[in-house]
Every structure is written in structure tokens, then in C-alpha cells.
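Please keep the sequence and the coordinates at hand while reading.

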Amino acid sequence: HRLGDQDRPFHLSIAPIWEIPVGRSRRYWSQMPKWLDGVAGGWQLSGQYTIQSGAPVTFNANDSFYFSGKDFAFSKSKRSLTEWFDTSQFYRFPDKNTDFATLASYPAWTGVQNLPGYNFKPAPGDTIKNGVYQDFGTYVRTIPTRWSDVRASRVNNLDAVIAKSFAFRERLRLQYRFEVYNAFNHVRFGSPNADPTSSNFGKVNPTEENNARVVQMALKLYF
């Protein structure tokens, strides 16, 4: 069994609208002059805040690797783009080109040293450099390829708008909008490399996947 790739244990989305109570016919300064109300009164503040867990990191089911069984998640303070999780808890399977000397450096928890072919060294010139490679045909993977505590960057985004409408006639009004998207400029990155055979294993591409803060103004005419 494994987690689905859409698993998000936490998702919160809030979209409030606040009519700022300042201006004529409002709670504060209800008797302000019309000219001042045209500038300071009748503003509306709205926004949407979303925070959501990141997607679980997916290890390719076709990749053959050993896993120590230990928790390989880093705390937020220790995690970085160059090392998103503890890669030392994984070891790739030896292939036919892995020589005997390299096998000796495998940690004991991989069990390589206990495989029947470990002590067999093929003759010089053989296409296979180690005996254990022959034993992988009966290997059955019993570990999942997604873990709940190792995830890509979460979503943490705030969009905010402050707007004011100017009424000229009953059916004609102009709205001014000041909009800020990703107001806190939170960066979201993709998933780390989950290929134990890659030199970038455990690293995150530093390219930002979401948009940086965007500030814009707009005029909308309603008629």
C-alpha cells in the first residue's frame, strides 16, 4: 500500500470580504463631507489565503534500492534545497558493473553481505563483476514508494485586494482596485530528486514553481 499522489492531509482556504466601516452612512465618520468620503470612505478589503500540505515525494517503483526502514525526514530547520531528506538511508542495488570492492562498503542493513553470491567473484573478463547481481531476480520489494512525512514544498499563499467604487449615476459606477498576489512572496519549489542512482538524489531544483509577488492596479467600469 502507498499514499496517493494527490494526498494532502491539511488544506485551509479562507476568502474574507470586509467593508471598511468608514465613510458616509457607515459606523465611523458617517457625517464626513462628500468630497472626503469620495477619497477615504467606502473602501472594501478582500482576499484569499490558502495553506496546503505539499505533495508526497514519489520514488519510482521501477528503481531498485535498499531502504534502512528509519525515518529519513529532516526537520524544517535542517532541510535545504541541497539535501531535502536523509539520503544515507537509501542505497541503490548493485548492478553487474559494481565490483566486489564496492560491495564491501555497503552498510550491513542492506543485507548485501548475506546474499548467496556475495563471496563469488566472477572470472576476469566476465561481463558481470559480482556474484550478487545474479540473485536480484527473486527480490520482492516490500517498501512503499511514498511516505507521509516527506513531501514537496507546501502551498502558503495570500492574495489581497483593496477596492473602492465611485457611483456617477444609478447604473454607472467605476471601481478602482489595488491587487497584490502572493503578498508575502512565499516561494514554492518542486519535488526533490527521488532517484537513488542519480547524483542529484535528495536535491531540489531551485527554480521557483509559483509566481513571485505581483502588484497591479485596475479600473473596472460597471454600466
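What pLDDT does the chain average, and what percentage of the residues score at least 70? The model is a predicted one, and its chain averages a pLDDT of 88, with 96% of the residues scoring at least 70. Confidence is lowest in helix α1, residues 34-40, where the mean is 74, whereas strand β1 has the highest value, at 97.

**Surface and the start of the chain**

Strand β1 covers residues 11-14 and includes I14. Together with F10 and L12, I14 makes a nonpolar surface patch of about 250 Å². I14 itself has a relative accessible area of 40% and is therefore classed as partly exposed, since that class lies between the cut-offs of 20% and 50%.

**Two asparagines with positive phi**

The loop between β7 (172-181) and β8 (214-222) holds N182, and N185 is found in the loop between β7 and β8 as well. Each has a positive phi although N182 is not a glycine and N185 is likewise a residue other than glycine. Their values are set out below.

| Residue | Phi | Relative accessibility | Class |
|---|---|---|---|
| N182 | about 55° | 3% | buried |
| N185 | near 55° | 31% | partly exposed |

**Nonpolar interior**

In soluble globular proteins, nonpolar side chains tend to be buried together. Here the largest nonpolar core has 15 residues, of which F59, F67, F72, F85, F90 and W147 touch the most other members. Apart from this core lies another one, of 7 residues, with Y66, F93, Y118 and V132 among them.

Which residues are in contact with F85, leaving aside its neighbours within four places in sequence? The contacts of F85 are F59, F72, F74, F90, V150, P192, N193, F201 and G202. Among these, F59, F72 and F90 are also named, like F85, with the core members that touch the most others.

Key
Residues numbered from 1 in each chain as written. Predicted model: local features only at pLDDT ≥ 70, side-chain atom pairs only at ≥ 80, totals over all residues. Heavy atoms only, no water. Patch = residues over 30% accessible without salt bridge, like charges linked within 9 Å, V, L, I, M, F, W, Y side chains within 5 Å. Areas by Shrake-Rupley, 256 points an atom, 1.4 Å probe, with all protein chains shown as cover. Salt bridge = Lys/Arg side-chain N within 4 Å of Asp/Glu carboxyl O. Helix = DSSP H or I, 4+ residues; strand = E, 2+ residues; numbered from the N terminus. Buried < 20%, exposed > 50% of the residue type's maximum accessible area, 1.4 Å probe, protein only. pLDDT = per-residue confidence, 0-100. Core = buried A, V, L, I, M, F, W, Y, C linked by side-chain atoms within 4.5 Å. Contact = heavy atoms within 4.5 Å.
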